[in-house]
Amino acid sequence: MRDFLERLGKRYVVRWLIAYLAVSWAGLEFLGFLTDTFAWSVVVPRIGTAVLAAGLPVVLILSWYHGERGRQRVSGPEVALLTVTTLVGLLLIREAARFEPSTLPAGLPAFSQASIAVLPFRNIGDTSDLYYADGLAEEILTRLARLPDLHVIARRSSFLFRDTALDVTDIGRQLGVAHLLEGSVQRAENRVRVRAQLISVADGFEVWSNQYDVEMDDILAVQDSISRAIVDTLQITLGAQAEALLTARPTDDPHAFDLYLRGRYAFYRATPAGLAESLDYYRQAVALDSTYALAYSGMVDSYLITGFNYQAPASLLDDAMRAAENAVRLDPALPAAHVSLGFVRMVEGDLDGSEASFRRALQLDPDNDDAHRWYASLLTYLGRFDAGLGEMAEARRLDPMSLNTMAEAALPLYYARRYRQTVDEVTRVVELNPGSPRVHLWRGWAHTMLGNYERALADYRAEPAVLTGARAHEGHVLALMGRMDEAREIHDELVARADTEWVEPFRIALLHVGMGDHDGAFRWLERAYEARSFHLVTLDVDPMLDPIRDDPRFEDLRRRVGLLH
């Protein structure tokens with residue numbers, strides 16, 4: 001052993017290793033700087049890491065033979081050292097290739113001092129007024145998010161801390177912001193009391209606070225005052241455009257505003273009854289104020305979520321398009337209006353128009369997490385996977401605590417056919433909350449494509465029974481396993497249900513693909529087209545459709561859906 005170590009020193013292996021690691025580190029730092037400066041793809045540093053990792057065993061082998069060139073015999077320990085070195089290099093390459101930008105590091109980097117999260121305001125009094133406290137906080141959040149020099153955390157993440165036992169410092173650090181806005185709302189007949197305080201996360205001290213006792217008709221002025229106080233306290237300099245955004249009111253009618261807040265509260269229940277109730281409130285709001293663009297945008301959200309889950313989209317999309325166009329016409333500077341229009345255009349197959357809408361929304365509000373999420377989906381459906389992953393990473397930065405956003409970050413990976421990474425991403429969410437909607441479905445997709453049929457079957461069966469999509473995929477994977485009788489039984493069950501309720505025909509088409517029945521698959525894809533199914537926009541990237549891509553009927557369907565350019 002001593003002889004081996006002496007020879008190791010003579011051959012300069014350690015010197016070569018230290019020199020190579022130093023040069024590699026400097027090279028990667030410079031490559032990272034260039035990537036950030038010129039907005040190169042995140043793939044570039046990964047390729048650099050892989051190349052340098054591959055070069056490590058080569059350098060070590062060369063250094064081993066740098067000295068004592070006359071002695072070329074390789075002893076047993078030498079073989080072991082070279083083998084281990086080569087294996088380590090290969091493992092480094094593998095890990096570099098596995099890394100995906102959709103996974104955020106465990107410790108989120110903090111935003112600048114000009115960053116804030118708006119926590120849900122406490123409702124003091126009647127529980128029926130909870131919608132008002134939530135809505136007031138959300139409207140202040142939305143207004144602040146439109147300011148270009150202020151980073152604002154998305155509602156889904158900040159509202160997770162309702163009634164939490166954590167102190168403000170812990171909350172702020174988890175959200176990665178420098179400031180928190182919290183408050184309370186108390187209503188009594190036609191009066192409302194609003195308390196608000198801005199807190200520094202660094203030390204937990206209050207840097208601004210105020211209390212407002214006003215008539216209900218003056219509540220819109222309270223929003224103005226709180227937003228202005230935050231901007232002044234954080235010393236944010238506003239240009240003329242930002243000043244206009246800060247002072248703009250979606251409506252001047254407090255009763256229409258109240259109806260809108262009721263609509264948003266009902267919408268977040270995401271049930272058929274809640275979505276129908278939200279639409280009713282939005283319609284009442286625009287009946288009082290026909291220029292209320294935000295209420296029209298809310299209508300689009302309700303229409304589309306209903307069409308995703310509970311009703312044939314064909315009965316909703318025309319109304320959704322009219323509402324989206326009204327929202328943009330009434331307030332061209334409203335980011336939510338452009339997000340709504342982009343959403344409708346995407347599911348209607350107008351992909352160029354959809355991209356223009358999402359890009360306009362992000363011009364108006366770079367911190368709009370919904371715009372980043374839906375733009376990520378569009379880019380994914382267009383096959384621009386790295387760009388889609390980048391947009392989803394930005395959505396996760398703005399919405400760091402949302403399990404839904406974390407799970408959706410796996411979808412670009414799945415459609416890019418990076419199935420193992422998809423499983424890893426979704427498993428993180430499952431471990432945090434096994435009851436999160438659709439996470440088992442999405443992980444089941446990836447397991448199916450990996451050939452892990454038993455795992456896929458378990459995931460599909462772990463989804464709620466109400467999710468007919470999971471039931472269809474269960475039949476699909478059973479067919480792939482050769483259990484055709486069970487697959488046909490599920491098929492017949494779903495077809496019978498489709499006579500009395502909305503069952504997504506696109507999913508039944510996939511079941512037919514799994515059964516090897518291509519004619520049946522195209523019959524149900526045609527029904528999906530007639531129903532204006534949202535899922536048809538995935539035709540170009542859904543790997544489960546690969547067995548029927550060469551059929552001339554597939555190209556005809558792509559043309560009619562709007563995927564041919």
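Threonine 380 is buried, because its relative accessible area is 2% and the cut-off for buried is under 20%. Keep in mind that you're looking at a predicted model. This threonine sits in helix H16, which covers residues 369–381. What does threonine 380 touch once its neighbours within four places in sequence are left aside? Its contacts are Phe385, Gly388, Pro412, Tyr415 and Val541.

Now zoom out to the whole chain. Of its 565 residues, 52% are buried. If you take the contacts between residues at least 6 apart in sequence, 62% of them join residues at least 24 apart.

Next, the strands. Strand E1 (residues 115–118) is covered on both faces. In a regular strand, side chains alternate between the two faces of the sheet. Here Ser115 and Ala117 lie on one side of E1, Ile116 and Val118 lie on the other, and all of them are buried. Which strands does E1 run parallel to? One is E3 (residues 151–152), joined to E1 by two bridges, with isoleucine 116 standing opposite valine 152. Another is E4 (residues 179–188), joined to E1 by three bridges; there, alanine 117 stands opposite leucine 180.

Nonpolar side chains tend to be buried together in soluble globular proteins. The largest nonpolar core in this chain has 139 residues, and the members touching the most others are Phe121, Leu181, Val194 and Ile226. Helix H5 (residues 130–145) supplies the largest share of this core, with nine residues. Apart from it lies another core of 11 residues, including Ala117, Ile153, Leu175 and Val201.

For a closer look at the largest core, pick isoleucine 226. Setting aside neighbours within four places in sequence, isoleucine 226 is in contact with Ile140, Leu181, Val194, Ala196, Trp208 and Tyr212. Two of the names there, Leu181 and Val194, are also among the residues that touch the most other core members.

One last stop is helix H20 (residues 419–432). With 14 residues at 1.5 Å a residue, H20 should span 20 Å, and its end C-alpha atoms are 20 Å apart, so the two values agree. Its buried residues are Tyr419, Gln421, Thr422, Val423, Glu425, Val426, Thr427, Val429 and Val430.

Methods: Residues are numbered from 1 along each chain as its sequence is written. This is a predicted model: local features need pLDDT of at least 70, side-chain atom pairs count only at pLDDT 80 or more; totals for chains, interfaces and linings use all residues. Side-chain values use heavy atoms; hydrogens and water are left out. A nonpolar core is a set of buried Ala, Val, Leu, Ile, Met, Phe, Trp, Tyr and Cys residues joined through side-chain atoms within 4.5 Å. Buried means under 20% relative accessible area, exposed over 50%, partly exposed in between (1.4 Å probe, protein chains only). Helices (H or I, at least four residues) and strands (E, at least two) are DSSP runs, numbered from the N terminus. Contact means heavy atoms within 4.5 Å. The expected span of a helix is 1.5 Å times one less than its number of residues. Two strands pair if DSSP finds at least two bridges between them.
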